[in-house]
Every structure is written in structure tokens, then in C-alpha cells.
Amino acid sequence: MKKMRKLTYIICSLCLIATQHLGAQTPKGNVLIKNATVLTVTQGTLENTDVWVQDGIIKKVGQDLSASKDAETIDATGKFLMPGIIDAHSHLALDVVNEATAPITAEVAIADVINPFDVGIYRALAGGTTIAHGLHGSANAIGGQSITMKYRYGTRNPSDLIMKEAPRTIKFALGENPTRVHGQGKNIQPRTRMGVEAIIRNGFNEALQYEKKWEAYNQAKGQKNSKAVPPAYNLRLQTLADILNGEIIIHCHSYRADEIYMLINVCRDFGVDKLVFTHVNEGFKVAPELAKYTMGASVFSDWWAYKFEVYYSTAYNAAILTENGVITSINSDSDELIRHLYHEAAKTQRYGGLSDEQALALITINPAKQLGIDEYVGSIEEGKQGDLVIFDHHPLSVYAVPQMTFVDGIKQFDINEDKDDQRLKVSPTERVEPVYLQVEEESCMHGVELFTEGTVLHHSY
Amino acid sequence: MKKFNLTIYFLLLLLFPVCSYGQIEGEVLKPQNGKFLLKGGTVVTVTNGIMENTSVLLEDGKIKAIGTGIDAGDATVIDCTDHYVYPGMIDSGTRLGLVEVGSLAETQDYAEIGNVTPNMQALTAINPNSVAIPVTRVSGVTTALSVPSGGLFPGTAALINLNGYTPDQMYTGFKGIPMNFPTSARRGRWDRRSDEEIEKDAREALKNINEIWERATTYMKLEDADASLTYYPEMEQLAKAVRGDLPLLIEVNKAEDILKALEWIKEKEVKKAVLTGVSEGFRVAEKIADAGIAVITGPVLALPSRSSDRYDAAYSNPGKMHKAGVKVAIRTSDTENVRNLPFNAGFAAAYGMGKEEALKAITIVPAEIFGVDDHLGSIEEGKSATVFVADGDPFETKTQIKHVFIDGYKIPMTSRHIRLYQEFLERNPGLEK
């Protein structure tokens with residue numbers, strides 16, 4: 001009898017483990033899109049071409065394809081197909097954004113505050129955006145770890161929105177935001193751009209010392225009769241050490257050319273080359289340096305003049321960076337812009353005359369490279385994930401209207417079939433729905449009002 | 001020896017004007033007035049259809065002639081083959097010239113202290129040399145309404161053409177009095193008042209407005225009776241709205257508030273009123289059309305006001321209102337990116353308004369609303385030479401704007417954004433010094 005009980009227990013626990021594993025899998029879809037003008041981004045434009053997605057992966061790209069029975073067939077004659085749009089800077093669907101309590105908070109993680117119920121996710125999908133980089137805010141010189149999200153709308157589980165293949169990323173911030181929050185707001189370093197550099201160098205150096213202590217301990221404990229005591233575990237310093245060891249990609253909020261140049265040099269000193277700059281309005285002034293030493297720049301299409309550090313910007317930024325060989329992407333940092341990044345990318349044709357291929361790369365393969373996920377997404381190639389968007393006009397035309405959006409081969413948006421109200425969760429006690437005059441968009445400076453009393457921030461990015 | 005040196009300098013001085021025909025390195029380009037012939041392009045008149053292979057003669061600040069075979073005479077000829085000529089675009093709601101750097105209070109001039117300050121003149125506070133002005137006008141947006149914001153009656157808005165060195169040189173014939181109608185909507189997600197508190201605040205504000213309007217009406221009657229009045233600038237200005245000299249530009253967005261505003265206009269017999277904002281106008285479009293009140297709405301590139309709204313509520317709003325018979329103008333509500341006006345119109349066009357009506361919404365319709373359609377809003381003989389030349393549809397991002405004329409001045413096609421592009425496209429020294 002005892003043996004039977006033991007066996008039962010073993011079988012039960014095996015079943016439990018199996019079902020847990022099943023629960024953790026994200027759903028994958030099958031679809032056959034026929035006869036579209038396929039904008040592959042990496043392999044040119046293919047006319048009258050079919051794309052077949054099976055189990056969430058692009059199985060075949062070609063002509064006159066037939067698919068398995070469980071794949072819905074969509075006639076895309078006269079329509080355009082492009083890869084799902086990737087936004088490298090977003091705060092959409094995050095409950096909070098800024099752990100503004102210290103100038104370095106590398107230990108916190110945005111993955112902990114994902115809100116899967118935000119209807120903004122659906123609205124981004126209706127604009128063709130399938131992946132977004134959920135960022136910590138810009139209150140701290142070294143902020144928390146960010147998370148790359150796939151917009152699998154409809155789930156109640158925040159973990160389902162996490163793109164598991166994506167490498168770790170972290171947020172840095174330079175310039176007015178950290179100096180305003182800590183220096184002006186709390187009278188602690190950094191108060192100036194000098195202080196920002198010092199904070200970062202101090203953080204890196206402390207991480208090196210921390211690592212040394214652990215190395216010493218690890219060597220010592222192996223010895224016979226070792227009395228070695230481990231150093232106190234410090235997640236903040238461990239995360240900084242991970243950055244120095246190349247395990248985390250830095251995305252640094254920055255504006256002025258001199259501070260961009262500063263961080264490039266700091267990273268070179270510490271041997272860090274996984275560095276992407278974001279906002280980087282004055283990136284065009286240090287384009288040669290960005291091209292040589294970084295993984296690129298993620299910029300606005302045309303925002304400027306909302307703060308002093310962006311007064312000397314130009315809408316030609318993305319074009320100048322691209323022409324100088326910098327891996328450039330266009331981001332939104334806005335729940336509103338994320339819905340028409342195809343239009344924001346198209347502005348580089350007005351401001352700098354970029355070609356169709358160059359402009360489309362800014363919202364597909366380039367942000368994929370900056371997030372370290374270009375092996376999986378960012379172009380329409382066999383073997384990549386089935387993140388696709390169908391447009392009725394070429395996406396770079398102002399008249400383009402997204403028709404359908406697919407994530408992992410599953411249709412997430414359909415302009416003809418979807419109902420108007422896409423909320424997942426409606427409060428049962430709310431009698432009248434609130435109407436907002438200004439729909440507040442999650443921004444880089446959200447949550448730091450406590451520290452910025454007295455200063456008037458209109459666009460706080 | 002001294003004399004010899006003087007001669008050299010004198011000669012050099014004489015040579016300078018001769019050398020300055022082309023652009024000398026470092027020379028500043030200035031607006032040029034004169035006679036111009038825009039030759040052989042496609043003229044999009046807005047009011048009289050599209051004319052192919054047609055020329056437009058600009059002289060003395062006016063559109064002198066439109067047609068084929070116009071003799072150039074001594075006019076500078078600009079070849080417009082394969083190009084399009086449009087009337088200058090009008091943005092009917094901006095803060096252009098009233099703020100330089102958004103986050104710096106020292107540069108903000110659009111919101112004065114006080115709840116009732118209709119006498120605050122936006123026009124005189126406009127900075128004609130704002131860096132955003134050249135950035136804007138090279139996009140073909142030539143005209144903007146600069147609007148104060150703040151309390152119930154924040155000031156007097158003014159329509160300006162984006163050329164000139166003093167506000168009076170820029171002023172182009174329209175002023176209006178904005179009124180922020182009491183709202184029962186939440187100001188933002190940070191607005192944590194209860195529903196009851198919001199209703200109470202709205203009722204108080206409406207009562208307040210009625211008292212103020214009453215006082216302004218009394219002032220007007222006394223003024224008309226030539227009574228001797230103490231200095232009361234707020235009422236003196238508001239009396240102009242009561243009398244109908246200046247229209248009220250009523251900012252209102254929530255559907256219920258729009259209906260209340262329409263009722264209020266009728267009840268008070270407001271002589272001239274325009275609704276601005278109107279983001280939920282599509283919900284009550286028939287009512288607005290019945291009341292015969294024109295609407296200025298935007299930005300089109302905006303989020304819906306309700307979480308339950310269809311995602312494209314703001315994109316399709318202008319089109320829906322227009323279909324119901326409302327006169328609709330489009331604004332950006334912006335300052336440094338007023339240049340996005342044609343793209344706002346483009347989205348409105350794509351989501352139901354159609355290209356033709358969307359173009360009207362940023363040309364002839366605002367001109368009519370502001371009563372300046374005698375000189376702006378379309379390409380007609382006798383109107384102001386405020387036009388632009390593009391190599392395609394100005395709503396499309398691929399299109400380049402080639403030439404811009406404002407009041408007959410050819411505008412230098414440069415701005416700080418363009419100069420930065422020219423300097424840094426190929427930086428010298430590059431990576432190595």
C-alpha cells in the first residue's frame with residue numbers, strides 16, 4: 001500500500017508540473033495571407049506574394065501557397081503586408097514608471113508592474129504595433145530594468161505579455177530629468193551633468209568592487225577548513241555587475257550631445273558596448289561617435305522645444321543618424337503616438353528624404369536590433385515570428401489605414417470585425433463612465449510630482 | 001600710407017553689394033517682396049476646382065491673375081511644371097509665439113493669473129521672432145490663431161500670418177474671445193474629485209459665467225447709452241462679445257457639455273459663437289448642425305476621450321461632424337509642431353472626411369469662420385498672395401514644400417532645423433579631428 005501511495009504522489013506531481021508547463025505556453029496561431037505586396041524590410045518588396053504562418057512562426061513566403069486546414073485564409077489582394085511595428089520606448093500598460101527614491105535603482109524591474117487590462121494595448125495593435133519596450137522612467141541616472149513586451153491583448157496574466165526570448169535591458173537617464181528630481185527636488189547628487197557622470201562611474205566602480213569580493217569569497221570557500229563568510233548579497237550591485245559583464249542592454253534617455261558623448265566614453269572605459277541611446281534629440285551632433293561605439297539611437301520623429309535641452313533639436317535627426325550609419329529607430333514614448341508609428345517613420349521622408357526601405361527599417365528591424373530580438377522579429381522572413389500588419393495603402397502614406405494585426409499568428413485586430421468597446425475589465429460599481437479632457441499618457445516623468453513641486457512641466461518626457 | 005589703407009577699405013565696401021547676388025557663406029536669407037509668376041503648375045484653388053497647366057501672378061502682395069499664358073513682364077518666374085500651388089494653410093488653434101520652451105515658466109505667455117481676464121491681448125504678447133515660426137511656415141502653414149488659456153475668459157485670441165517683425169505686421173484681421181465652458185469631464189486621470197464634486201464645480205462655474213455675462217451685458221447697455229463709466233477693462237472687452245463685435249470661441253469637449261453650451265448660446269442670444277475642441281462632437285453632431293454653429297476641432301491625432309470609445313474616435317470625429325452638416329475646421333492645438341496640421345487633415349481624410357473636405361477644413365472653412373475669406377483661404381484673384389508650391393499632395397509626408405509666399409513675401413525656405421541638418425549631415429571634423 002505504501003508503495004502505491006508513493007507512486008500516486010509521484011504521478012500526481014508529474015501531472016501538476018506538466019499542466020503548469022502547458023499553462024505557461026503562449027497561444028500560437030495559423031494564418032495564410034494571400035496575394036499581398038509584401039514589404040519584407042530585409043529582402044525587398046515582393047509583389048503578389050503569400051505568407052503562411054504556422055504555430056506562430058512564418059513557415060513560408062512565396063507564391064500560390066496552400067496551408068494546413070486550420071489556417072484561416074485571408075485575401076490581401078491590393079493590400080500591403082509589413083512586419084509588426086516595434087516601439088523601442090514606451091510606458092504603455094505599466095502601472096507605475098519611476099522608482100524615483102534614489103539616483104541608482106537598478107534592482108527594480110518593470111516586469112513587476114505590467115497591467116494587461118490597459119485598453120491602450122488594443123489601440124496600439126490597431127495602429128500596427130505588436131512589440132513595445134516597456135521602460136522605467138527617466139527620474140534616475142540608473143533606473144530599473146525594463147521589459148520587452150509582446151502585445152498579446154486579452155490575457156489576464158501579466159506574464160503572458162512578456163517576450164521571453166528578449167534579452168535583459170535597463171534604463172539610464174541623463175540631463176534635466178535626473179538632475180531635476182534628485183538635485184533640485186531633494187538636494188542630493190546629481191544636480192548637474194557633472195554629477196550624473198559621477199553617479200554612473202561610482203555605480204560601476206562599486207559593482208566592480210562587489211564582484212571582486214565575491215570572487216575572493218568563491219576562491220576562499222573552496223579551501224580546506226575555510227572560514228570564509230560570503231559578502232552580503234546586493235541585487236543593485238549585482239545588476240550593475242551584470243551590465244558590466246554584457247548581460248544587459250542599456251537604453252539611455254539623453255538629449256544633449258555632450259552628455260551622449262560622456263556616456264559613450266564612460267562605457268568605453270568600462271568595456272560596455274551594449275549601449276543604445278533613446279530620445280537622443282542631439283544625436284545628430286555626435287552621429288559619427290554613435291555609429292562607431294553604440295548599438296544605435298531611438299528617436300522621436302519631430303518633438304522638440306518642450307524642454308530647454310531639446311530647444312536645439314531638428315526633425316532631420318533620424319535622417320542624419322541613418323545617413324551616418326547609426327542603427328536608428330523611431331519611438332513613441334506616448335500612448336498616442338504608438339498608434340501611428342508608421343506615420344512617424346514616414347516623416348523622415350519629408351525631413352531628410354529617406355527611402356522607403358530606410359524609413360520602414362526605423363520601426364521594424366532596427367528597433368529589433370536595439371532590443372536584441374532581431375533574430376526573432378523585425379522582418380518577414382521564414383523562421384521569424386508571425387507578427388504581421390495588413391494595410392490598405394502603403395504604410396508610409398498618410399492615408400494608410402491598418403486593417404489587421406497579427407501577433408504570433410493570432411489575429412489581434414480586425415478593422416471590420418472588432419467591436420468598438422475593447423475593454424477587458426469594466427468596473428461593476430462605476431455608474432457613469434468618466435470622460436477625460438486630457439488622456440494622460442504614461443511618460444518618463446510620471447510619479448515624480450512630489451519631487452518637482454514648483455516647476456511647471458507641460459510635456460514631461 | 002594711412003590714406004592708401006582707407007582707400008582699400010572704401011573699395012571693398014563698395015564691392016560688397018555687387019557680390020551679394022548669390023548666397024555668400026554666412027549670409028542671412030531674408031523674405032523678399034516683389035513680383036512673382038508661378039508658372040504652369042496645377043493650381044488647387046479650393047473654391048474653384050483644380051486647374052492644370054495654370055499660372056498664378058503675385059504682385060503688390062496680392063494674387064493679381066490666374067490663368068494660362070500670363071505675361072511675366074518683370075516678374076521673377078518660378079517654374080511650377082509638375083508642381084502644385086495651394087492656398088496657405090490655416091491652423092485655427094495654437095499657442096504659436098506665446099511660448100518658447102514648454103517647461104520654462106519664463107517663456108510661457110499664454111496663461112495670465114485670474115479667472116476673468118478677457119482683456120489680455122495675445123497679439124501683443126506674440127513673439128514674432130519665435131524659433132518655431134520659421135520652422136512652421138516652411139511646411140506651408142502660413143496662418144495661425146494664437147489662443148490664450150487659463151481661466152473662464154483667459155484673453156483675446158488673434159489670427160496672425162507667419163511673416164513680419166512686429167505683431168501688427170503679422171496680424172491678419174481677426175480677434176476672438178475664448179471661453180472655457182464649465183465642464184463635467186475629468187481634467188485628467190489625476191483628477192480625483194468624486195462625481196458629485198465635479199457636478200457641483202460645474203454648476204458653480206456656470207452660475208459664475210451667467211453672473212459675468214449679466215455684468216457684461218449691463219456694461220454694454222451703459223456704454224451704448226453713453227453713460228460715464230469707471231475703468232473696467234474686463235467688462236469693456238467682454239461687452240464686445242455681448243454686442244457681437246467679437247465672437248466667443250467656446251472651448252467644450254464632452255458631449256453633455258456641448259449640448260449645455262448650445263443651450264447657453266441660445267438662452268443668452270449670443271450673437272457670434274464658435275465651438276472649439278469638440279472632441280465628442282460626433283456624439284451630438286446633428287444638434288450642432290441644427291444650431292448652425294461652426295466647429296474648430298483637433299488635434300485629430302489624439303486618443304479617444306473614453307476608454308469604451310472605438311480606437312479611431314478622434315480620427316473620425318471631423319468626418320462624422322461634417323457628414324451631419326456641421327462646418328468643421330481642424331486645428332493642432334500645438335506650438336512647436338503646428339507643421340503637423342496637414343497630417344492631422346490627412347488622418348481626418350483617411351478616416352472618413354475625404355481629401356477635399358479635409359483640405360477645406362484647413363483653408364477656406366477657417367477663413368470663413370474668422371471672416372477673413374476676403375483675403376485668405378483660397379486661390380482667387382484679389383486675395384492675399386499667401387500660397388505655397390509643393391511637388392505633390394501636401395498631406396503626404398513624401399511631399400516637399402518648395403516655395404512659400406506670405407502676403408506677397410517670398411519666405412526663405414530655411415529654419416533652425418534645416419540649418420542644423422545642413423551643418424551636421426556630414427560633420428567636419430568627423431570622427432577624427
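How far apart are the end C-alpha atoms of helix α10 of chain B, and what would a straight helix reach? Good morning, everyone. I shall return to that question in a moment, after a word about the model itself.

The structure before you is a predicted model. Let us begin with its two chains.

Chain A has 461 residues, and for that number a compact globule would have a radius of gyration near 23 Å; the value for chain A is 24 Å, which agrees. Its C-alpha atoms fill a box of roughly 80 × 65 × 55 Å along the principal axes. The secondary structure of chain A consists of 11 helices and 16 strands. Buried residues account for 54% of chain A. Of the contacts in chain A between residues at least 6 apart in sequence, 70% join residues at least 24 apart.

Chain B has 433 residues, for which a compact globule would have a radius of gyration near 22 Å; chain B has 24 Å, and this agrees. The C-alpha trace of chain B spans about 85 × 60 × 55 Å along its principal axes. It contains 13 helices and 17 strands. In chain B, 50% of the residues are buried. Residues 24 or more positions apart make up 69% of the contacts in chain B with a separation of 6 or more.

Now to the opening question. Helix α10 of chain B covers residues 341-353, which is 13 residues. Its end C-alpha atoms are only 15 Å apart, whereas a straight helix would reach 18 Å at 1.5 Å a residue. Is this helix enclosed or open? Of its 13 residues, 12 are buried, so α10(B) is largely enclosed by the rest of the structure. Among those buried residues are Leu341(B), Phe343(B), Phe347(B), Tyr351(B) and Met353(B). What do they pack against? Part of the answer lies in the other chain: the buried residues of α10(B) pack against α9 of chain A. Within chain B, they pack against β7, β8, α9, β14 and α11.

Helix α9 of chain A leads us to the contact between the chains. This contact takes 52 residues from chain A and 45 residues from chain B. On the side of chain A that touches chain B, the elements giving two or more residues are α2, α7, α8 and α9 of chain A. Which of them gives the most? It is α9(A), with five residues. By type, the residues on this side of chain A divide into 27 nonpolar, nine polar and 16 charged.

Let us turn to the domains of chain B. Domain 1 is made of residues 29-87 and 377-433, and domain 2 of residues 89-376. Their C-alpha centres lie 29 Å apart. The contact between them takes 25 residues from domain 1 and 27 residues from domain 2. On the domain 1 side, β6, β15, β16 and α13 of chain B each supply at least two residues. Strand β16(B) gives the most to that side, with three residues. The residues on that side divide into 14 nonpolar, eight polar and three charged.

Next, please find strand β9 of chain B, residues 157-161. Five of its five residues are buried. Ala157(B), Leu159(B) and Asn161(B) point one way, while Ala158(B) and Ile160(B) point the other way. Which strands pair with β9(B)? Strand β8(B), residues 141-146, is joined to β9(B) by four bridges and runs antiparallel to it. In that pairing, Thr143(B) stands opposite Asn161(B). Strand β10(B), residues 171-180, also pairs with β9(B) in the antiparallel sense, over three bridges. Here Ile160(B) stands opposite Tyr171(B).

Is Pro31(B) buried, exposed or partly exposed? With 17 other C-beta atoms within 10 Å, Pro31(B) is partly exposed; a residue counts as buried at 20 or more and as exposed at 12 or fewer. Leaving aside residues up to four places away in sequence, Pro31(B) touches Asn163(B), Tyr409(B), Lys410(B), Ile411(B) and Pro412(B). By contrast, Glu214(B) is 183 residues from Pro31(B) in sequence and 48 Å from it in space, C-alpha to C-alpha.

Thank you for your attention.

How values were computed: Residues are numbered from 1 along each chain as its sequence is written. Chains are lettered from A and ligands numbered from 1 in the order in which they are written. This is a predicted model: local features need pLDDT of at least 70, side-chain atom pairs count only at pLDDT 80 or more; totals for chains, interfaces and linings use all residues. Two strands pair if DSSP finds at least two bridges between them. The radius of gyration is taken over C-alpha atoms; the globule rule is 2.2 Å times the number of residues to the power 0.38. Two residues are in contact if their C-beta atoms, placed from the backbone, lie within 7 Å. Domain bounds come from an automatic or database domain assignment. Ala, Val, Leu, Ile, Met, Phe, Trp, Tyr, Cys and Pro count as nonpolar, Asp, Glu, Lys and Arg as charged, and the others, Gly among them, as polar. The expected span of a helix is 1.5 Å times one less than its number of residues.
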